[in-house]
Amino acid sequence: MALINSQFLKVSQDAVEQEIAKRVNVFSVLNPKVELIRLDSGDVTLPLTPSAIEAMLSSVHEMGRDTTFRGRGPVRGYPFLIDAIVKGDFRSRGIKMQPEEVFVSEGTKQDVASIGDILCKDNRIGVLDPIFQTYIESNVVGYRAGILEKDKHWSNIVYLTATPDKGFTPDLPTERPDVIFLSYPNDPTGVALSKAELTRWVEYAIENKVLVLFDATYEAFIADPDVPHSIYEIKNARKVAIEFRSFSKSAGFTGLHCGYTVIPREVKGYSLYSGRSIFLNDLWQRRQTIKNNAPSYIIQRAAEALYTEQGKKEVRQSVDYYMTNAAMLRSALDAAELKYSGGVNAPYIWVQSPWGSSWELFERLFSRCRILSSPGERFGPSGEGYVRLSAFANQNQVMLACSRLADFRM
Ligand SMILES: *Cc1c(COP(=O)(O)O)cnc(C)c1O
């Protein structure tokens, strides 16, 4: 008799999804001619860049010739891509990084969800709230979250609550977690940390022997020169931080799947029994060898092409397109006298409900402006009272959404 991991039964978010689907269905039946504008998505809408397409086409042909065919690639990724990453994302910013510190993967979601494989179940996890739910759910299924309490908080998770009075940047924890997930620029609040703010977290982590897991998926969207693109821009972060990066949002790779994880040589964990320190880079290498393959050669060539001059220019154009959407939405929200954060260093805008309830704001945007938003409940207990608007949308649709927002107060 096979017993299941029943933790998987505890993480269903179906209620919120079903409620949205129901409302959308009812609306489309009653208003068959009205177009609903979807600003609820965390997925990109622009096609892949010409550089990425060219690189894939030529590598497909290589795979079809006996002289250039390639079978199984290195577990950590091909050196050509790792070298492009080290030069393009780190050395270009004056950050020291060695190729053996980079692990190419199929993206941030799986790495963030799997990093727990190399960490003991007894660790206490600190997580931003609201947040991308993979951080919480992967720890629930990994038996690290404790029990779900009435207020929808997991008993063994330290919630780092982001509230508007502090600009959605939480205070340092009063209860010390062993591991902290940070994600900046943030999904869903759209907020980024300044160099001074991120330095505070790194110093706290060093003083308290906390491991920082830093999700920098939205790094390409940063506009403010005072916002670090990598946690390794902060002094001594190499001792305590793992960084996750993805080509999903910056280059539209959500359908291709490619990203990477950086584990500097210095980052250590400790053995539960002996207290002996172990390098996490070695442990992750073992884990990857047992469980993982890097993305296909074709996709790694596509990722490499993003680092050429032409590739960088094209990625910049996509990012600018989305951030123009974000700027238009911000002006329309200002005109509608709605309070929000984000939309400057991230493609998300976190809008506060004037009535205190996410669903009430969701419903008003939906029925009056025919705009679909993402209710805050999708992102954890502190999401109540907000909706997330996404700039990942067609620009004409965003313009239409902005004109419809003029009806919000009527
Ligand atoms: C979209 C998103 C991801 C997903 O990254 P993939 O590389 O596509 O797996 C990771 N983290 C955050 C915060 C996201 O919003």
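How much area is buried between domain 1 and domain 2? About 2,700 Å² is buried there, and carbon and sulfur atoms give 63% of that area. Buried area here is the accessible area, taken with a 1.4 Å probe, that two parts lose on being put together, summed over both. Before we go further, please keep in mind that this is a predicted model, in which local features need pLDDT of at least 70 and side-chain atom pairs count only at pLDDT 80 or more, while totals for chains, interfaces and linings use all residues. Residues are numbered from 1 along each chain as its sequence is written, and side-chain values use heavy atoms, with hydrogens and water left out.

Let us start with the two domains. Domain 1 is made of 7–47 + 315–405, and domain 2 spans 53–309; these bounds come from an automatic or database domain assignment. Their C-alpha centres are 26 Å apart. Domain 1 brings 32 residues to the contact and domain 2 brings 38, where contact means heavy atoms within 4.5 Å. On the domain 1 side, Gln7, Asn345 and Pro381 lose the most area to domain 2, together 24% of what that side buries.

Now to the helices, which are DSSP runs (H or I, at least four residues) numbered from the N terminus. Their axes are lines fitted to C-alpha atoms over the stretch in contact, and angles run from 0 to 180 degrees between N-to-C directions.

Follow helix α8 (residues 297–305) to helix α3 (residues 79–90): the two pack at an angle of about 25 degrees, with axes 9 Å apart. α3 and α8 are therefore roughly parallel to each other, a term for angles under 35 degrees. Phe80, Leu81 and Ala84 of α3 touch Tyr297, Gln300, Arg301, Ala303 and Glu304 of α8.

α8 also packs against helix α2 (residues 50–63), where the axes come within 8 Å and cross at roughly 145 degrees. In this contact, Ser51, Ala52, Ala55, Met56, Ser59, Val60, Glu62 and Met63 of α2 meet Tyr297, Ile298, Arg301, Ala302 and Ala305 of α8.

Finally, look at helix α9 (residues 309–335) and helix α11 (residues 395–405), whose axes come within 9 Å and cross at roughly 5 degrees. α9 and α11 are therefore roughly parallel to each other. Among the residues in contact are Tyr321, Met328 and Leu333 of α9, together with Val398, Met399 and Leu405 of α11.

Notes. Angles under 35 degrees count as roughly parallel, over 145 as roughly antiparallel, 65 to 115 as roughly perpendicular and the rest as oblique.
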